[in-house]
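My notebook is open and I am ready to look around. Come along and check each entry against the picture.

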Amino acid sequence: MSLLRPLGFGWSHAVSTTVAVIVALYVAYALQLESPYSAATTVLVVASPIHGMVLAKSVYRFLGTLVGAIASIALVALFAQTPELFILGASLWVGIFTAISSLMRRFRAYGAVLAGYTVTLVALGAVDQPLQIFDLAMARIAVVTIGVVCSAVVTIILLPNAGNADLPGKLRDAVRGVAGLVRLAMSNTSDDVFATYRRDIAQKVQALDTALYAASAESAAVAAKSGYMRRAIAALFGLIAAASSLHQSSAVRRVMQDAPAVPDEEAHPVPELTVILRDLFDRSCKLFSAFAADQDQPDRHWKHQIASLREGCTAFQSNDLLVNNEKAFDAMIVLNRLDDLLDQAVILGENLQAYEDKSAKPIDIRLPYHLDWLTALINGFRGMLAVLLLGAIWIYTAWPNGSELFSVTIPFCTLLAASDRQQADATAMFNGAFIAAIVAFVCMFGLMTQITGFPLLALTISPFILVGGYYQTRPSTAMAATGFLIFFMTFLAPRNPMEFDMSAFLNSSFAFVFGAACVVPIFRVVFPQNHWRSALKVAGEMRRSLAQTAGNSNASRLWRWEYLAQDRLASIGMRLPLSDRRRQKLINGGFATVRIGREMARARSLLADLALDEETHQKLRRAFRAVRNVERQPKAAGAALSQAADRLYFFVRESPVQQNENGRLLRAIGSLRECADLISQNGDFFAASKWRREAAI
């Protein structure tokens with residue numbers, strides 16, 4: 001039980017952060033370190049209300065600092081007498097690790113950033129006294145170690161197992177939300193309402209992934225079985241995609257229009273096929289309602305429901321009413337949709353069951369994620385250019401506080417490289433630094449000159465850290481509050497003995513604030529973010545990955561491809577504002593891409609062992625080749641798919657086939673026709689030349 005939980009999320013984080021800062025500062029004072037405030041700054045950087053996050057971030061901060069310190073020693077040893085080569089080497093190091101961090105996720109990326117910018121904190125401080133580089137490197141490692149250890153210990157004591165405790169609740173929320181989305185997709189809901197609800201549910205599933213990461217850092221038992229949970233999370237994303245395809249499908253709408261919620265056979269006779277499909281829909285809704293209602297229901301219950309639904313789908317596939325029925329292909333498309341829902345439900349249920357089973361074998365699954373190589377190169381080049389420009393200013397102006405300019409600008413340039421709001425976050429950081437300079441001046445020369453001893457020092461700075469820590473937990477002020485806390489402690493720079501030199505304070509404050517101000521134009525001028533262009537680039541990669549998937553008959557890796565596509569969809573969603581109407585076109589086109597990939601794999605599987613005539617085989621091969629070229633000729637791809645579906649239908653009518661093969665052929669025809677419809681409905685998304693023209697505007 002957490003001691004601070006009654007205070008609420010914001011204040012519990014603020015109190016634990018303040019306590020950790022005071023403890024780290026006290027330990028650094030006790031060990032008589034030269035810059036004890038750096039230990040407190042480390043606490044402020046790694047602070048989190050979930051101690052699993054603190055542990056993970058602390059480990060990577062230590063490793064990144066260690067690598068950066070070793071690089072600093074090497075740079076000073078090689079180029080101490082040639083400042084130009086020293087700056088060039090530092091710029092290359094920062095650029096390389098900034099680019100590497102852009103290709104990583106979470107705290108691995110943070111560790112790479114630390115490895116990069118630590119050279120500006122350690123090596124540049126030894127330019128005038130190169131013989132002290134080893135001592136400076138060891139001092140940096142010491143303060144970082146004290147900071148991460150104090151932060152971890154305090155968080156474990158005050159906020160124990162927060163991530164592990166939150167995981168079940170986040171899991172229930174995510175499953176309940178996805179189940180609600182599936183039910184919503186089966187109703188006549190407007191596109192805007194569905195898109196809004198889908199966005200909220202996708203955020204819940206992403207939050208579940210983050211909670212799993214934190215819980216894995218806290219608990220070895222959770223980490224050992226995290227693979228099952230990651231697979232379940234992938235299934236939840238798959239259900240979101242399946243629900244989206246249900247909602248967007250014109251075939252589903254045509255079939256369900258014949259099935260009123262309360263059918264009246266006398267006034268509105270309902271076709272028998274529609275009645276059967278409606279029953280399958282209703283039973284599927286009950287299945288997902290059961291998933292959402294209680295995670296602890298007996299295993300055989302949901303398994304029995306899915307087995308019963310499978311039997312219903314198989315029986316429907318062989319129904320004699322499908323022969324020469326104009327609704328047959330729409331019905332098969334709906335059946336394919338239900339089949340996808342059941343596939344994902346099985347994966348979800350089995351992995352949640354294995355996660356809860358103490359006897360299950362530990363596994364670790366690494367899911368693929370989108371790698372933006374161009375953005376990584378841009379971020380690396382920006383970091384390298386910033387070091388070169390600031391280095392040139394420092395060398396040719398001989399500014400005594402030049403190293404302090406580096407110690408602000410370069411870390412922020414590298415840290416903010418991973419942000420989706422680089423310009424806004426850079427401005428927020430500057431605002432936090434500016435406010436911190438004013439508050440630190442008042443605190444130092446108005447309050448700290450009147451006190452003596454560590455207890456009064458702790459009492460003096462605690463209110464400022466408390467307020468900053470609270471505002472760190474609010475999304476609208478998090479970045480500015482982080483900047484305030486880091487700069488506030490840096491401006492005060494408490495030492496033993498304390499020095500109250502106003503001119504030195506003003507010089508250092510100006511260097512730090514000016515460095516923070518330099519970050520803003522760097523992100524505005526040097527390859528500024530263009531979210532629309534980057535979203536189009538991600539969409540292009542989705543189209544190209546579809547072409548590769550269409551040419552690969554190996555369906556066993558389909559779920560990994562789908563997860564990667566969904567990760568790219570999330571990237572598009574985060575980069576574009578909700579008010580941008582083009583955003584919905586890209587999102588719908590992305591979901592259509594996932595749908596086409598799955599339907600092409602389904603068609604290949606259904607047709608794999610069937611004896612077809614040569615002309616039908618030729619039409620099918622042409623259709624699969626056309627899909628591989630969908631980015632260049634989307635209309636031709638749609639036409640080839642329609643022709644292949646028509647040829648298959650002709651084969652069904654004219655050739656004697658067994659009843660079970662007839663059902664498989666009809667489902668394959670439904671898949672091909674749906675792919676053609678999806679390409680036609682999302683023509684703008686698949687017309688790459690149109691998007692290239694818009695990106696160039």
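**Ground rules.** I am working with a predicted model, where local features need pLDDT of at least 70, side-chain atom pairs count only at pLDDT 80 or more, and totals for chains, interfaces and linings use all residues. Residues are numbered from 1 along each chain as its sequence is written, and side-chain values use heavy atoms, with hydrogens and water left out.

**Entry 1: aromatic rings.** I looked up ring pairs (Phe, Tyr or the six-membered ring of Trp, centres within 6.5 Å; planes under 30 degrees apart are stacked, over 60 edge-to-face, the rest tilted). The count came to 20 aromatic pairs. One of them joins Phe430 and Phe434, which is tilted, at 6.3 Å centre to centre and 35 degrees between the planes. Both residues lie in helix α17 (residues 422-447), 4 residues apart, about one turn of the helix. Helices here are DSSP runs of H or I with at least four residues, numbered from the N terminus.

How are the rings of Phe445 and Phe505 arranged? Their centres are 5.5 Å apart and their planes stand at 90 degrees, so I noted the pair as edge-to-face. Phe445 is in helix α17 and Phe505 in helix α20, so this pair ties together parts that are 60 residues apart in sequence. I also checked burial (buried is under 20% relative accessible area, exposed over 50%, partly exposed in between, with a 1.4 Å probe and protein chains only). Phe445 is buried at 18%, and Phe505 is buried at 7%. Both belong to one aromatic cluster, along with Phe412, Phe441, Phe487, Phe491 and Phe512.

**Entry 2: the largest cavity.** I searched for cavities (sets of points on a 1 Å grid over the protein atoms alone where a 1.4 Å probe fits but cannot get out; lining residues have an atom within 4 Å of a point). The largest cavity has a volume of about 80 Å³, where volume means the space filled by probe spheres set on the points, joined across faces, edges and corners. Helices α10 (226-248), α14 (328-356) and α23 (581-607) each supply at least two residues of its lining. Among the lining residues I found Gly238, Asp340 and Phe591.

**Entry 3: a loop residue.** Where does Asn530 lie? I found Asn530 in the loop between α20 (502-525) and α21 (531-550). Asn530 is partly exposed, with a relative accessible area of 34%. The C-alpha atoms of Asn530 and Arg575 are separated by 9.0 Å, although the two residues are 45 apart along the chain.

Technical notes. 1 Å grid on protein atoms, 1.4 Å probe; cavity = no way out; pocket = protein on both sides within 12 Å on 5 of 7 lines; lining within 4 Å.
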